[in-house]
Amino acid sequence: MGFIKILLLFCWLSVFSNISHGSVHEYTSEKFISKGNAFVFHGGSEGLYSSFTDNNGTFTSSFIRFEKISFRRPEVGNLSAALIQAIVFEVEDRETIGGSAYGGQRAICCSPDLAKLGVCPPGEVIHRPSTKNPYWPQVLRINFEGDDLVATMPSQSIQISETGMYNLYFMHCDPSLQDVVIDGKTIWKNPTGYLPGRMSPLMRFYGLMSFGFVILGIFWFSQYAMHWREVVQLQNCITMVITLGMFEMAFWYFEYAEFNETGVRPTGITVWAVTFGTVKRTVARLIILMVSMGYGVVRPTLGGLTSKVVMLGGTFLFASEVLELVENVGAISDFSGSARLFLVLPVAILDAFFIVWIFTSLSTTLNKLQARRMMAKLEIYRKFTNALVVAVIFSIGGLFYELFFKANDVYNERWQTAWIIPAFWQVLSFSVLCVICALWAPSQNSTRYAYSDEAGEEFDKEENLTLIKPSQAARDVPISQESRPIHINNGSADEDLEEEKIE
């Protein structure tokens with residue numbers, strides 16, 4: 001089992017090294033990698049649904065097709081006949097590949113000891129029939145005849161009769177072929193199109209999200225048009241986020257639709273979808289941070305914090321863009337791997353910094369609003385804080401679920417539900433945006449929640465007073481008539497009433 005773990009964990013290297021587009025996996029002079037006593041090349045990993053016949057009697061096939069696959073070896077030394085094997089197996093059958101003699105170290109290729117036991121032919125990959133289907137794994141043989149420099153694999157297809165996560169490996173056990181290279185392509189197709197099984201539900205999801213953003217846009221832009229004279233700067237920023245979100249969802253839907261139709265992932269559309277998404281997430285975080293600081297509500301500018309906010313936003317935009325581009329542009333195989341950990345960490349750290357800064361600023365703003373008795377603004381900020389707290393709780397829950405999911409799904413056996421994770425984050429982000437739209441929707445009272453010079457002066461005065469000694473602040477601030485101390489008479493109730501009459 002050890003070598004299978006190594007194979008499945010190293011395959012992300014192949015994903016990025018292959019020139020692959022969509023479900024058409026192309027190989028251009030790719031080399032084999034030494035693993036144990038074998039040489040392997042990962043041809044792809046995808047979730048495939050089984051072929052079926054619909055109610056009209058039409059057969060819809062699911063298959064892996066090999067096209068123009070050839071192997072080329074250098075003209076070095078004495079050349080002789082050699083064998084390369086292509087092995088397709090479902091991930092649950094991973095234990096059927098490889099073996100060991102007398103309980104020793106597990107090997108991919110048939111060792112002399114195993115050959116003596118009659119377990120396998122010498123010089124070939126060890127494999128046994130699956131307990132579920134005796135015709136699997138599928139093993140295809142490609143032979144170098146004599147001193148031929150090129151071995152060609154006939155074009156052929158493997159029909160998929162059972163739903164599962166399928167892996168393709170090209171392997172050989174001959175050290176003389178260590179410099180052999182592979183050219184050609186394989187085409188992987190599901191019954192409904194070329195989208196890999198893990199991505200297939202996402203096309204429908206982004207279609208629904210596009211519809212959701214349209215509904216939100218209709219509500220927001222209608223309010224915006226009705227009360228455009230009262231619109232404040234914050235509402236313009238929210239309008240930009242909604243617009244970016246509409247473009248992002250539309251681009252993702254069309255990207256998956258094109259991918260599903262042609263089997264070729266459209267790089268241009270993918271880059272646009274990724275870019276709109278990262279810009280939207282960055283702007284949304286900056287808006288939440290600035291609102292938490294009181295920008296546009298209790299202060300006209302961020303003052304000396306502007307450069308720090310811009311720097312944080314720019315860093316987050318760059319880190320997110322790199323992560324999303326690497327994860328999506330040209331990505332085909334249904335293998336998430338641990339390669340993205342290096343790129344995920346900076347984004348996670350920046351997100352944590354955003355959260356800490358947002359709640360620290362919110363706490364300060366709430367305290368000052370309460371001290372100045374700005375009740376209308378205080379009420380809306382309290383609702384805003386509650387919404388963010390709920391969002392953070394759901395985020396933590398989603399993060400733990402994602403970590404648990406990936407820790408317990410090393411071989412991607414749960415590929416059919418993997419789409420829930422990216423969908424969850426999109427839904428959570430959309431929900432927070434809807435709450436913000438509800439709280440700050442354009443209305444005839446929009447300016448009531450905006451910054452005013454009088455409120456701003458009071459707010460700034462409160463900030464300045466905190467820097468002055470309490471005794472000095474008490475001398476500088478006059479005591480109003482309402483705050484005049486009341487002297488309580490220890491006499492009877494009737495005397496108190498008479499004193500009140502006299503006063």
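This report describes helix packing, a strand sheet, aromatic pairs and backbone details in a predicted model.

## Helices H3 and H9

Two packed helices are described by the angle between their axes and the distance between the axes. Helix H3 spans residues 200-226, and helix H9 spans residues 420-439. They pack at an angle of about 5°. Their axes are 12 Å apart. That angle makes H3 roughly parallel to H9, because angles under 35 degrees count as roughly parallel.

H3 brings Leu-202, Phe-205, Tyr-206, Met-209, Gly-212, Phe-213, Leu-216, Phe-219 and Trp-220 to the contact. From H9 come Pro-422, Ala-423, Gln-426, Val-427, Phe-430, Leu-433, Cys-434 and Cys-437. By class, the contact of H3 with H9 has 15 nonpolar residues and two polar ones. No charged residues take part in this contact.

## Helices H4 and H5

Helix H4 covers residues 233-262, and helix H5 covers residues 267-292. The angle between H4 and H5 is about 155°, and their axes are 8 Å apart. H4 and H5 are therefore roughly antiparallel to each other, since angles over 145 degrees count that way.

The crossing of H4 and H5 is left-handed. In the contact of H4 with H5, 20 residues are nonpolar, three are polar and four are charged.

## Helices H5 and H8

H5 also meets helix H8, which runs over residues 375-407. The axes of H5 and H8 come within 12 Å and cross at roughly 135°. H5 and H8 are therefore oblique to each other. Their crossing is left-handed.

On the H5 side, the contact involves Ile-288, Val-291 and Ser-292. Facing them in H8 are Tyr-381, Phe-384 and Leu-388. By class, the contact of H5 with H8 has five nonpolar residues, one polar residue and no charged residues.

## An open sheet of five strands

Five strands form an open sheet. Their order is E3-E4-E12-E8-E9, and the pairing is antiparallel. The edge strands are E3 (33-35) and E9 (138-144). Each edge strand pairs on one side only. Neighbouring strands of this sheet are turned by 35° against each other on average, direction ignored.

Strand E8 holds residues 82-90. E8 and E9 pair in the antiparallel sense over seven bridges. Ala-86 stands opposite Leu-140 in E9.

## Aromatic pairs

A search of the whole structure finds 27 aromatic pairs. One of them joins Phe-32 and Phe-71. This pair is tilted, with 45° between the planes and 6.3 Å centre to centre.

Phe-32 lies in the loop between strand E2 (24-31) and E3. Phe-71 lies in strand E7, residues 63-72. The pair therefore ties together parts that are 39 residues apart in sequence.

## Backbone details

Most residues other than glycine have a negative phi, and most peptide bonds are trans. Two places in this model depart from these patterns. Pro-137 lies in the loop between helix H2 (112-116) and E9.

The other is Ser-29. Ser-29 has a positive phi of about 50° although it is not a glycine. Ser-29 is found in strand E2.

Technical notes. Residues are numbered from 1 along each chain as its sequence is written. This is a predicted model: local features need pLDDT of at least 70, side-chain atom pairs count only at pLDDT 80 or more; totals for chains, interfaces and linings use all residues. Side-chain values use heavy atoms; hydrogens and water are left out. Axes are lines fitted to C-alpha atoms, for helices over the stretch in contact, and angles run from 0 to 180 degrees between N-to-C directions. Helices (H or I, at least four residues) and strands (E, at least two) are DSSP runs, numbered from the N terminus. Angles under 35 degrees count as roughly parallel, over 145 as roughly antiparallel, 65 to 115 as roughly perpendicular and the rest as oblique. Contact means heavy atoms within 4.5 Å. Ala, Val, Leu, Ile, Met, Phe, Trp, Tyr, Cys and Pro count as nonpolar, Asp, Glu, Lys and Arg as charged, and the others, Gly among them, as polar. A crossing is left-handed if the near helix is turned anticlockwise from the far one by less than a right angle, and right-handed if clockwise. Two strands pair if DSSP finds at least two bridges between them. Rings of Phe, Tyr and Trp (its six-membered ring) pair if their centres lie within 6.5 Å; planes under 30 degrees apart count as stacked, over 60 as edge-to-face and the rest as tilted.
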